[in-house]
Each structure stands twice: as structure tokens, then as C-alpha cells.
Amino acid sequence: MSDEAAIPQPDFKPSKLGTKDYWDKVYNREVINFKDHGDIGEIWFGEDSAVKMVDWVEEHYEDEKETCAILDLGCGNGHLLLDLAELGFEDLTGIDYSPAAIELAKAVAEDKEVDHIIKYEAVDFLAEKETLEWCAQQVAPGSDGHGKPKKFKVMLDKGTYDAISLHQKNKADAAVAAANADADTEEKEDKEAVAKDNIVLAENDDDMEELADRYPKRVASMMRDDGRLLITSCNWTQPELIQRFSQYFEYDSHLKYPTFTFGGVKGQTISSVVFRKK
């Protein structure tokens, strides 16, 4: 059996969490909630995982706060970058394919008075053409505007790869996702729209390639040769992540969480793995 054949494939049922439509609705509600009540919204996997990720960045790049280019993949409300800005990091960028998420992140950053430090943009980084064009526009600090496309030294992902793994490849899958949606009134009304929607997160979906399989290549294309990716997941175990990313990345280290034992096997509910670019 080849190494490629041995790479674990997504075995998740189609889910609304894999659709842009779902996240646009979530963040549109959270934008309104923030404006009305000042609540920045949900922190995926809880505060503890966010603190661990931020602590890891500070521990390894404390002496590079002015120059270390950090990119948050699927930034949502931007809470990771907010914490890094408070610690003094100055080259911070967050991208998300949901314009509503970017609207929320910008509003929160402005409220915290760090909007001059953090840059947020709506980008679908799984689309190769869009990624290349966006990277070409991210000119490194101190250049004359005609330098090489900016590459990032630290890339962060908390839950984005999980959501991508739940993506529906076609409309039939989208219909299943709609049928599995929660039965509250709003979602009932949205079922037909979700099923009808073309659930395309990136270009070239006609080849039926899993979007989760595109992820490592796209991330590697935006990373410096000495860069690191810190990814936190609740859907994939550490060995699965290492195997799935093996073509473009190699294991560097991992963050520790409380473990549990079931049936004589030790495990944990969250995996945070650090990768180096090959």
C-alpha cells in the first residue's frame, strides 16, 4: 500500500458547518449582537485552547514581535489576533471566507483600538488563483511595493480545518446537510435554500477533490520556508493530522491537554499540532 493510499480520508457526514451559507448566517447574527451588546461571539473549543495557542506563539517568537508575520486562517471574530496584539505583536493578518466574519473582526478590533495593527480580509484561501492574487498583494513591510509576495512565518488554525473537512462536494451532499439541520424554525426555512445553493468554497470543485486535501498545499504556498503552522482540531487526532499533512509538512511538536482513558486507551478531546514546512 502506498503512503498516499494510507492517508486517512474524511469520514464525516455532510454538515451545515461545512457550508459558507451557515457561517455567513452565524456571523451576521454575531455582528448584530456585538453592536447591540458588545459580545464578540463564541470562542471555538473554549478559552483554554486559545490561550495555549497564544502562549505558544509568544514563547517561540517573543523576540520577533515587530517582524514576525502571523496569519490566522479562518479568523472568525479575530480573538486570537486580539490577544497577540495585546502582547505586542505587530504584523498580524486574519482571513476568512465569510465577509460577515471579517465585518465582525474589524468591528471588534476597532472597539479594542487595535485596528491599526491587525489587518482582516475576506479571502477563500482554498482557491488557488485567489490565494496567489491575494499573496501578491501582501507586500512585505519595508518594501517598495514591487517586492516578492509576502510569506507568513506563523500560521494559526483553530477549527477551520475541521469545518473544511465537513464540506459537501456537490449538491446531493448539500441536500443531506440540509436534511440533517437542526429542527428550529429558522433552519427549517433555510433547508431549501441550503439544498439549492451551490456549496462551492473554492474553484475547480468539478473535479470532486476534497477541499480538506487542498488545504496543506494552499497553506504551504503562503508560508515562509522557515515557517510553522499551529493547527487545533477536535475532529482529527494528532496521528491523523500528521499523516494528512505529510506531503507538505513535517511534525514539529504538539500542545498538551488533559487526557482521559477509555477502554485502556489514552486520548484527549482536542489536538494541537505544530508543523514545519518541508
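1. Among contacts between residues at least 6 apart in sequence, 74% join residues at least 24 apart. The model is a predicted one, and its secondary structure comprises 11 helices and 9 strands. Of the 278 residues, 47% are buried, while the accessible surface amounts to about 14,000 Å², with 48% of that area belonging to carbon and sulfur atoms.

2. The whole structure holds 14 salt bridges. One of them joins the side chains of Lys20 and Asp24, with N to O at 2.8 Å; the two residues are 4 apart in helix 2 (residues 20-37), and are therefore separated by about one helical turn. Asp24 counts as buried, because its relative accessibility of 18% falls under the 20% cut-off, whereas Lys20, at 28%, is partly exposed.

3. Lys153 belongs to strand 4 (residues 152-158) and Asp226 to strand 5 (residues 223-233), so the pair ties together parts that are 73 residues apart in sequence. Lys153 is buried at 12% relative accessibility, while Asp226 is partly exposed at 40%. Both residues belong to a network of salt bridges that also includes Glu64 and Arg224.

4. Lys119 and Glu121 also meet through their side chains in a salt bridge, at 3.2 Å from N to O, and Lys119 is partly exposed, with 37% relative accessibility.

5. On the surface, Glu110, Asp111, Glu113 and Asp115 form a patch of negative charge. Asp115 sits in the loop between helix 5 (99-111) and strand 3 (118-122), and is partly exposed, with a relative accessible area of 42%.

Methods. Residues are numbered from 1 along each chain as its sequence is written. This is a predicted model: local features need pLDDT of at least 70, side-chain atom pairs count only at pLDDT 80 or more; totals for chains, interfaces and linings use all residues. Side-chain values use heavy atoms; hydrogens and water are left out. Buried means under 20% relative accessible area, exposed over 50%, partly exposed in between (1.4 Å probe, protein chains only). Contact means heavy atoms within 4.5 Å. Accessible areas come from the Shrake-Rupley method with a 1.4 Å probe; for residues, only the protein chains shown count as cover. Patches are made of residues with over 30% relative accessible area and no salt bridge: like charges are joined within 9 Å, nonpolar side chains (Val, Leu, Ile, Met, Phe, Trp, Tyr) within 5 Å. A salt bridge is a side-chain nitrogen of Lys or Arg within 4 Å of a carboxyl oxygen of Asp or Glu. Lys and Arg count as positive and Asp and Glu as negative; His and the chain ends are not counted. The place of a charge is taken as NZ of Lys, CZ of Arg, CG of Asp or CD of Glu.
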